[in-house]
Every structure is written in structure tokens, then in C-alpha cells.
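Colleague: I have not looked at this structure before. Please take me through how to read it.

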Amino acid sequence: MKIAIASGKGGTGKTTIATNLAYIADGSGRKVQYLDCDVEEPNGHIFLKPKIEKTRAVTVDAPEVDLKKCTGCGKCGEICQYSAIVHLADNNVLTFEQLCHSCGGCLRVCPADAIKPKPLNIGDIESGTAGDIEFVQGRLRLGSIRTVSLIKEVKKHIKRDSLAIIDVPPGTSCPVVEAVKGADFVLLVTEPTPFGLNDLKLTVGLVRALHLPFAVVINRYGIGNEDAEKYCKAESVEIALKLPDDRRIAETYSSGKVIVDVLSEYKEAFFLIYEYIKNIKARIDDKR
Amino acid sequence: MKIAVTSTGKTVDSQVDPRFGRAAYFIIVDTETMDFSAIENNNVAAAGGAGISSAKAVIDAGAGTVLTGNCGPNAQRTLGAAGVKLYTGVTGTVSEAVQLFKSNKLAEAAGPNVQSHFGAGN
């Protein structure tokens, strides 16, 4: 089963929910995978403290032009929508590999077979274990824009028999779509502030467009206002959990510790989310 | 000799657009006759690669020189590859910029003067 933890707004507590859920599910004897798809800024490792056993570089194809073969037709530059390859005059062809999206168009339209794919390193996949939790994270190379490609690689590690917990990047753009795609259920973590609500609405729109079942977790409950709750009620969106605003949670978080490990009174809350997810799976299966 | 000036409008009386890749127009001026034509820039709202595509547009228009406010590294590399001379930090109207250029009062840019995406938020 695949659970994606998303939020829209950054800093609402995706990683807090994801890592604590991983801990509780693992403690309940479930086989758990934690996949950090927030590849521009993976931070689940700070809390799970995994032993990284394997690091693998991920490459994508970028064009390499053999100017001796180039006939100067300009077709490569015409097909490229990202200006990653640009034809100036005669056989003056420039490539900007960082802008390439690896569509392969330039390779295919070149009548002179002058363009070959060349591997471009976009980042690393680091995998290992945190106790019994299987840990996988992507780490995008500085300057690379290939977030989606790296997230795809992280998700290839998902095993069918595991509870795969996917830590999704913030926002509502392509990397988020890629990270939540194929999830059995999405937990949307929000905070009860106008900022949290604004981005929650955008993210609800996103998961609805993707036809993904979802529920909301209100973190830092007690701050801000009641608009997030009112919105959920009006939109018939289920609230799976309200996690109170508690300074001790913030302190635990900022010292890189897992809440359920330090503040045992919150074990029940995360256990409730875990149960909620287990039940929702049954409910989804029933609906089908 | 043809030069390209980034412009906020369609004539030589328009202000120089401080952005290269996302300039509203490129005014192509013949420095001998002062005849000019305006090219509307299709890259104003491009998601990325605006500088490169804009450089390609002015190169295709036959300009050997670019006068603009700011130019990033990708556009600068593209212009340089085609042998186009680049002058940054240019302000005033297009016609004033051309006069400064003709009287050799502009200094050629040694490289890009801003980072990529500098003009994207303007």
C-alpha cells in the first residue's frame, strides 16, 4: 500500500507525519518503506537516521552533437521546446544540457545522425535501513532541474508488500504530481492558518484532478483560525487527525528526534492515523 | 550594420527594456540609415530558455550587436557563439542608445551581468 504525505505549503509537518507514521507502522509489525521524494531537500533522514548502504548515481540522456556530421539543417533546434539545443547558422549548434528534458526529439529528427545521447548526472539515490524500516531517498544534484526524473527513480524502489510512505515535496507543481501519482491514499498536512488553507485548497484541487482518495491532517491545531476545518466540512473532506500545537513537539522536531519516541502520549494519535489508513484501504477496496 | 536593442515598445522612441530574454520587443536598427523594424518577443512568458530563444531571434534577424540592460549567461553564450557583440547596462530610449553606440560611448560586456532567470520575476 502506498501512502503519500503531501501539503502544498512547506513547513506544515509532512516529514513529521511521515516519519512518525513510519515508526508506528513499523512498531505494529508492518513492513515499512520510507521514500523521501522531496529530492530537492530531503530531510526525513534527520529523524530516521538511516544507515545508508547504497548510493547510486542517476543519469538522464542529454544531446551531444558531432559537428563534423552536422549538416546545419536546424531541425534539432526547431523541435526542442526548452532551448536545450539551439542551431545558429551552418553547423553552429549549441547545447544547454541543464535545460534538456530528455525527450529524445533532437536525436530522432537529425537526418545526419549527428546527435548522440550522453549521460547527464542529475543526482543520487541513497538507500539503506533505519531499524527495520527500509529507507530510500533521492538527492537532486545542485543546479539540476530534473526533479521529476529523480522522483521516478525513487519510486521504482516501492515494494508491493510494504507500506510505502512517500514524503512528497511541497507545492503543487510537477514534482508533487509525480510523487503522489499512483498512491492508494494521500494525507494532506495543513496548518490552520490562512497560508495553510490557501495551499490546502490548491492541493485538494490537485489530488481531486488525479482522482486520488485523500484526507487532511491539521497540524499545530489551536493556532490561527477555524477556517481550515470549516473548509473541510464544506467540501466534505475528512480530517484524519488534529495534532495540537505543542511546544514540546517543536522542540523534539528541532533536535532531530521522532515525536512518538520522545513524547509517548502522542503514540496514540499516530496509531490512530495508521489505523485510519488501514481502514481506508479496506473502504477503498469495498468501493471498487 | 544591423544592431538589436531591447525595447519596451515598438519604436525607437520607446525605452530600452532592461531585460534581454524577456524584453517586450527587439528593435532592429540599421546604423547607417537609421531604418528600423520591431520584432515582438515571443519569449516574454516562456517557462525557461527565454534568453537562448531571444538570442536566436536576434541572430536570425541578422543583428551583429545587441544593446540591452541585463543579460544572463545562457543568452550571452548563445550570442557569443554567433559572434554577436553584447553591450549591457544600456538605458534611455532606443534611439539614444543607438546614438551612444555610434559615438563609441558604450563599453562591450565582458560576460553576462546577471544570473539566469534574473528577468523572469520582473
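Modeller: Keep in mind that this is a predicted model. Start with the sheet in chain B, an open one with mixed pairing, built from five strands in the order 3-2-1-4-5.

Colleague: Which strands of chain B stand at the edges of the sheet?

Modeller: Look for strands with a single partner strand. In chain B these are strand 3 (36-40) and strand 5 (85-87), so each has one side without a neighbour in the sheet. From one strand to the next, the twist averages 20°.

Colleague: How many bridges join strand 1 of chain B to strand 4 of chain B?

Modeller: Strand 1 (residues 2-7) and strand 4 (residues 65-67) of chain B are joined by three bridges, and the two run parallel. For a case at residue level, take B:Ile3, whose bridge partner in strand 4 of chain B is B:Thr65.

Colleague: Which strands does helix 3 of chain B lie across?

Modeller: Helix 3 (residues 94-102) of chain B lies across strand 1, strand 2 (25-30), strand 4 and strand 5 of chain B. Its direction is given as an angle: helix 3 of chain B runs at about 140° to strand 1 of chain B.

Colleague: Now the two chains. How many residues does the contact take from chain A and from chain B?

Modeller: Chain A gives nine residues and chain B gives eleven residues. On the side of chain A that touches chain B, the elements giving two or more residues are strand 4 (85-89) and strand 5 (92-95) of chain A. Strand 4 of chain A gives the most, with three residues.

Colleague: What classes of residue make up that side of chain A?

Modeller: Seven are nonpolar, two are polar and none is charged.

How values were computed
Residues numbered from 1 in each chain as written. Chains lettered and ligands numbered in written order. Predicted model: local features only at pLDDT ≥ 70, side-chain atom pairs only at ≥ 80, totals over all residues. Contact = placed C-beta atoms within 7 Å. Helix = DSSP H or I, 4+ residues; strand = E, 2+ residues; numbered from the N terminus. Nonpolar A, V, L, I, M, F, W, Y, C, P; charged D, E, K, R; others polar. Pairing = 2+ DSSP bridges. Axes fitted to C-alpha atoms, helices over the stretch in contact; angles between N-to-C directions.
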